[in-house]
Amino acid sequence: MLYYRETGTGFPLIILHGGWGYEVYPFDRAIEALSGQFRILIPDRSGYGRSPSISKLPVDFHQRAAAETIQFLDDLNIDRAVLWGHSDGAVIATLLGLAAPLRFTALVLEAFHYTKAKEGSVDFFRSMIANPKSVGRRAIAALARDHGTEWREVLARNATAWLEIVESGPGDLYDARLSELQVPALFIQGSVDPRTEPGDLEAIRRDLPQAKLEIIEDAGHSPHSEPASADECVRIVKEFLLPLVQTTRAI
């Protein structure tokens with residue numbers, strides 16, 4: 001069973017953390033704003049935090065994490081939920097929406113990844129392996145709180161898996177199926193997110209013209225936790241989710 005944090009009451013909201021774990025980009029502001037309307041559950045994926053450890057993150061880790069999340073929901077007898085995925089978590093949330101659309105009322109997809117190529121991030125991934133301390137003191141402290149002495153391995157595993165994805169060939173992370181997504185989706189991107197690749201936003205607009213895309217000016221890779229953008233990010237999410245959840249409850 002995965003370790004998870006839980007707070008609040010109401011409709012289930014599952015938060016799926018990014019590739020470095022939860023503590024580096026915590027959802028404090030979102031929890032404060034949404035715990036009155038949502039039962040918020042935040043699982044650590046396998047290999048992160050207090051969940052079972054792993055020796056390697058496989059190249060198909062997003063797909064494996066999606067299956068793991070379904071099992072997590074089944075174990076808690078949660079038949080229907082909202083997903084908020086950040087970065088790698090957004091990829092996982094999208095795969096879940098494609099695989100089991102009837103189980104999810106809405107998806108919040110923050111710092112979304114589309115292409116496998118990630119050409120603008122290859123040097124970043126390599127630096128995570130060669131020099132993990134380059135992330136800085138604040139991030140190191142958060143990573144150590146989350147993963148203890150294994151924090152370097154967490155960074156290296158994630159970076160290595162992404163490099164393997166890049167080397168796996170052309171295409172996108174969804175096997176050209178993003179346009180099939182039927183679950184209502186809100187995309188949130190920071191305007192200066194260094195992990196956004198050229199063409200990612202265009203792909204969203206092309207494949208899912210019905211989806212809502214919000215670009216938060218001057219925000220980086222984590223609008224929900226950056227002090228200058230957190231309030232706006234949470235406001236956007238709340239305004240998107242509440243009408244959908246209320247409709248689901250009325251059915």
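Guide: Two strands pair if DSSP finds at least two bridges between them. What you're looking at is a predicted model, where local features need pLDDT of at least 70, side-chain atom pairs need 80 or more, and totals for linings use all residues. Residues are counted from 1 along the chain as its sequence is written, and side-chain values use heavy atoms, without hydrogens or water.

Let's start with strands E5 (residues 104–110) and E6 (residues 185–190), which run parallel and pair over 4 bridges. Pick out Leu 109 and you'll find its bridge partner, Phe 187, in E6. Zoom out, and this pair sits in an open sheet of 7 strands, ordered E1-E3-E2-E4-E5-E6-E7, with mixed pairing. E1 (4–7) and E7 (212–216) are the edge strands, each pairing on one side only. From one strand to the next, the twist averages 15°.

On the H5 side of the contact (heavy atoms within 4.5 Å) are Ile 140, Leu 143, Ala 144 and His 147, and they meet Trp 151, Val 154 and Leu 155 in H6. By class, that contact has 6 nonpolar residues, 1 polar and no charged.

H6 turns up again at the largest pocket: along with H4 (122–130), H6 gives two or more residues to the lining. A pocket is an open set of points on a 1 Å grid where a 1.4 Å probe fits, with protein on both sides within 12 Å along at least five of seven lines, and lining residues have an atom within 4 Å of a point. The lining here has 17 residues, with Trp 20, Ser 87, Phe 124, Arg 195 and His 221 nearest the centre. Sorted by class, the lining has 8 nonpolar, 7 polar and 2 charged residues.

Definitions and conventions
Ala, Val, Leu, Ile, Met, Phe, Trp, Tyr, Cys and Pro count as nonpolar, Asp, Glu, Lys and Arg as charged, and the others, Gly among them, as polar. Axes are lines fitted to C-alpha atoms, for helices over the stretch in contact, and angles run from 0 to 180 degrees between N-to-C directions.
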